[in-house]
Structure formats: structure tokens, C-alpha cells
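Open the model in your viewer and keep the selection panel at hand. The stops below are meant to be followed in order.

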Amino acid sequence: MNLKSRVPLLGGLFVLLATAIAYFRTLNPTVPFWDAGEFIAVSKILGIPHPPGTPFYVLIGRIFTMLPWGTAAQQVNGLSLVSGTLTVVLTYFVTLRLARRAFGPEREPWQEWASIAGGICAALMLAFSDNFWENSVEAEVYQMMSLAQILVFWLGLRWWEAHDRKPTVGPLLLATYLMWLSVGLHLGVGVMGAPLLVLVAFVDW
């Protein structure tokens with residue numbers, strides 16, 4: 001792997017470290033306000049939160065409470081930290097793919113650098129926006145929802161790229177499965193179905 005191929009990965013590593021360090025330094029050490037206390041409690045006891053319920057979130061939260069680190073509050077808050085950080089990193093790689101596709105397969109060096117810079121800028125703007133940062137350091141369902149949404153979008157792009165070489169439905173099936181699985185997380189993931197259908201119609205046109 002030469003330096004040219006490493007640069008995009010180094011950009012992703014920079015985004016990962018910058019986001020993870022900032023979130024870890026500002027992670028809530030105890031129970032924040034609003035619904036966070038409820039999510040921490042139900043994750044600890046495998047309970048049932050307020051309607052419509054979030055069984056998938058509770059199961060993952062329960063796994064985090066088994067980690068040999070910190071209090072139950074810190075552990076479940078850490079679930080949002082991990083989800084938020086992964087969302088930011090995937091945002092970088094999705095933006096990078098879109099920028100490269102916009103420039104075309106034959107790119108000038110400055111276009112590749114512009115794509116990387118655009119990906120870093122987009123990812124860090126998301127990471128340090130007020131609401132996203134706040135939800136990344138407390139126990140809430142929104143960061144896992146954001147992670148599922150960007151995963152669905154990324155799978156759509158993977159399908160698009162694979163379709164250009166050889167038609168396949170694998171990434172679309174995985175994206176559909178992820179959306180249905182996320183019914184037990186947050187119904188907001190289902191809104192990704194509409195842009196996914198538009199993408200399929202656009203590519204297959």
C-alpha cells in the first residue's frame with residue numbers, strides 16, 4: 001500500500017481519533033437529564049422503556065453494562081459515544097465516495113485531495129454540531145439510529161458501485177434487513193427506505 005492509497009485511510013483515522021477523544025473527554029460521568037436515566041436503568045435490568053419501546057437498544061445497552069469499566073451510567077453513555085464516533089467516520093467515507101463519484105474515475109491529484117478534505121470537513125461538522133455532540137455523550141437512542149441510517153446509505157452506495165460492474169442485490173437486502181432490525185431501535189431509520197428506492201430507480205433507469 002503506497003502513500004497515495006494510505007492518505008484517505010489516514011484521513012479516516014484522524015476523524016476517528018479527533019471525534020473519539022473529544023467525546024470521551026466530555027462524556028457524561030453520571031445520569032444526564034431527560035430520558036437518559038430511563039435508558040440506563042432499563043439497560044442495566046433488561047427492562048422496558050417508554051412506548052413504543054426500544055428492545056434492540058436495550059439489548060446492546062445491556063452488553064455495554066457488562067464491560068469492566070466505569071459505572072452503569074458511564075457504560076450506557078459510552079454506547080452513544082461509540083455509535084456517534086462510528087457515524088462520524090462513516091460520514092467521512094460516504095462523503096469521500098460521493099465526491100470521488102462526482103469528479104469521475106479519472107481524477108486529478110487536486111480533486112482527490114479535495115475529496116478527502118471535503119470528507120473530513122463534513123464529518124467534523126457533523127461531529128461537533130451542537131445536537132449531535134450532546135447526544136453522543138449521553139444515553140439516548142439517536143446515535144444508534146444515526147449509525148443505522150448512515151449504514152443504510154453506505155450500503156446503497158456499495159450497491160450502486162457493484163451494480164456498475166455486475167448487477168447484485170446483496171447490499172440492498174442487507175440494508176433492508178438493517179432497517180427492519182432497527183424497528184426495535186428507532187422508527188426514524190425507516191425513513192431511509194425512500195431515498196434507497198429513489199437510488200434504485202435512478203440507477204436502474
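This is a predicted model: local features need pLDDT of at least 70, side-chain atom pairs count only at pLDDT 80 or more; totals for chains, interfaces and linings use all residues.

Residues are numbered from 1 along each chain as its sequence is written, and side-chain values use heavy atoms, with hydrogens and water left out.

**Core**

Select Tyr57, Ala139, Val152, Trp159, Trp160, Met179 and Leu196: of the 32 residues in the largest nonpolar core, these touch the most other members. A nonpolar core is a set of buried Ala, Val, Leu, Ile, Met, Phe, Trp, Tyr and Cys residues joined through side-chain atoms within 4.5 Å. Buried means under 20% relative accessible area, exposed over 50%, and partly exposed in between (1.4 Å probe, protein chains only). Which helix gives the largest share of this core? Helix 7 does, with ten residues. Helices are DSSP runs of H or I with at least four residues, numbered from the N terminus.

Next, show the surroundings of tryptophan 159. Leaving aside residues up to four places away in sequence, its contacts include Pro171, Leu172, Leu199 and Val203; contact means heavy atoms within 4.5 Å.

A second, separate core has 15 residues, among them Val7, Ile120, Phe132 and Val137. Serine 146 touches Phe132 and Thr87, not counting residues up to four places away in sequence. Its relative accessible area is 15%, so serine 146 counts as buried.

**Salt bridges**

The structure holds two salt bridges, each a side-chain nitrogen of Lys or Arg within 4 Å of a carboxyl oxygen of Asp or Glu.

Select glutamate 161 and arginine 97, whose closest N and O atoms are 2.4 Å apart. This pair links helix 7 with helix 4 (residues 72-103) across 64 residues.

Then select arginine 100 and glutamate 112, with closest N and O atoms 2.6 Å apart. Arginine 100 lies in helix 4 and glutamate 112 in helix 5 (residues 109-127), so the pair ties together parts twelve residues apart in sequence. Arginine 100 is partly exposed at 24%, whereas glutamate 112 is buried at 12%.

**Surface**

Finish with Leu10, Leu13, Leu16, Leu17 and Ile21, which make a nonpolar surface patch of about 430 Å². Patches consist of residues with over 30% relative accessible area and no salt bridge; like charges are joined within 9 Å, and nonpolar side chains (Val, Leu, Ile, Met, Phe, Trp, Tyr) within 5 Å. Accessible areas come from the Shrake-Rupley method with a 1.4 Å probe. Leucine 16 sits in helix 1 (residues 3-25) and is partly exposed at 31%.

Methods
Helices (H or I, at least four residues) and strands (E, at least two) are DSSP runs, numbered from the N terminus.
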